[in-house]
Amino acid sequence: MSTAKLILDGQEFELPVVVGSEGEVGIDITSLRSKTGAISLDPGYGNTGACRSSITYIDGEKGILRYRGYPIEELVNSSLSFVDVSYLLIYGEMPDAQQKAEFSYLMTRNSTIHEGMKNFFDHYPPGTHPMAILSAMMASMSGYYPTEDDEGNIVRILAKAKTIAAYAYKKSIGEPFMYPVPKNSYAANILYMMFAHPREEYEVPEVLEKALRMLLILHGDHEQNCSTSTVRMVGSSGTNLFASISAAIMALWGPLHGGANQQVIEMLEHIRDNGGDYREYVDKAKDKDDPFRLMGFGHRVYKNFDPRAQILKKQCDDVLDYLGIQDPLLDIAKHLEDVALHDSYFIEKKLYPNVDFYSGIIYKALGIPTDMFTVMFALGRMPGWLAHFREMKHDHDTRINRPRQIYIGAGERHVSEDLAG
Ligand code: ACO
């Protein structure tokens, strides 16, 4: 299979076919417009490959997710840290002992933010969403590191993002900022900077650190999702890495993307506060005339199950058991999950619980406030965004991203005619 044939207005055109390393087939339409005068139309890009990539492989039908060839289940269940997996995602191979030591040193060295930036946190009105703060801080870093050194900036962003996130939280509750501790893992430092206080000793509970490590790794990359495509879209204009990541954070914030984890808990709380009748909400979700959707269900790519959700479902029970948490929200969540797995509407539309369904429940059990959930997702996704920016920069096929459109507006008309009428 090397070409595809297209018949347009009775005329036949040949288009090259591209096959990926896992057998994925794409029709290369880069010459479509010049050959035929026509363009492709694909709102939401569900059928459009925007690049060749060797970072992450997903088979949505089989529920497969691999980073650089390694199955997500193996990475999560290994002794690898989130920083090791970040290295793998960004540079393509597992770090050897020396690379691991060097990367870890760089992560520690770059983990504090410029002291001047701390003042920025004073000027957001109370209640500002931490995703807005994270994005603004990221863009501001271009002022502190005005360098074209993408490699150096990759490390700076990965190391500093968690510190910015934790500071945004500390500011919101009026507590002093805590510096990251060099001996702590990435996940432990997030918890330390959020929950430690200078007045008392704080040891990060191991089970919480493990749960957060797993959540971060599970969110590491997910090929050309909305926020990652944003990194590539914005970066394709030649703008700097900070601007691209700042834009990706904004894309992730949306409730149909990363913002869904916050929405899941808010939806469960809403159901609880209104008497706990989850069936009413299932009916609302099924009603064509009601825009309500069950948050945490469905996925553009996974049509059988989300492998990340399966891992988290088990972890969810373990964390809640360990913490001895009896959360009525979890009961509602379990009922909703049961409905989704048995109701014909959800079965026919292939709507399964996604990663956000369970991650919200675990974040809540970890003591992370609801509006920080999507920030946690952003921290996990950071290596994926950085890997895609780096790949895009090294890809000779990269051009400024500039889709076309099918115009459906008014035909030519003239101001003078309207004024005369
Ligand atoms: N509840 C009820 N119905 C749903 C849901 C849902 N959560 N999701 C999709 N549907 C229905 C739609 O109404 C549509 O029905 P129709 O064919 O009768 O019009 C059909 O299923 C297909 O839905 P689309 O929106 O076309 O699917 P798409 O692939 O564009 O969207 C998405 C996927 C955005 C995830 C969607 O399922 C959704 O909105 N889910 C809720 C939000 C959510 O959980 N987002 C997190 C995604 S995972 C992540 O970002 C990590």
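Biologist: Let's start with His257: how far is an N or O atom in its side chain from an oxygen atom of the ligand?
Modeller: This is a predicted model, where local features need pLDDT of at least 70, side-chain atom pairs count only at pLDDT 80 or more, and totals for chains, interfaces and linings use all residues. Side-chain values use heavy atoms, leaving out hydrogens and water, and residues are numbered from 1 along each chain as its sequence is written. For His257, the distance to the ligand oxygen is 3.1 Å.

Biologist: How much of the ligand does the protein bury?
Modeller: Accessible areas come from the Shrake-Rupley method with a 1.4 Å probe. On its own the ligand exposes 920 Å², and the protein's share of cover is 76%.

Biologist: Which residues around the ligand are the closest?
Modeller: The shell holds 20 residues, each with a heavy atom within 4 Å of the ligand. They split into 10 nonpolar, 5 polar and 5 charged, with Ala, Val, Leu, Ile, Met, Phe, Trp, Tyr, Cys and Pro as nonpolar, Asp, Glu, Lys and Arg as charged, and the others, Gly among them, as polar. The closest are Arg293, Leu294, Gly296, Arg300 and Lys349.

Biologist: On to the helices: at roughly what angle do H6 and H18 cross?
Modeller: Helices are DSSP runs of H or I with at least four residues, numbered from the N terminus. Axes are lines fitted to C-alpha atoms over the stretch in contact, with angles from 0 to 180 degrees between N-to-C directions. H6 (residues 130-144) and H18 (residues 373-394) have axes that come within 9 Å and cross at roughly 35 degrees.

Biologist: Which residues of H18 does H6 meet?
Modeller: Contact means heavy atoms within 4.5 Å. From H6, Pro130, Met131, Leu134 and Met138 take part, and by class the contact has 7 nonpolar, 1 polar and no charged residues. On the H18 side we find Thr374, Val375, Ala378 and Met382.

How values were computed:
Helix = DSSP H or I, 4+ residues; strand = E, 2+ residues; numbered from the N terminus. Polar contact = N/O pair within 3.5 Å; in protein donor to acceptor, adjacent residues only side chain to side chain.
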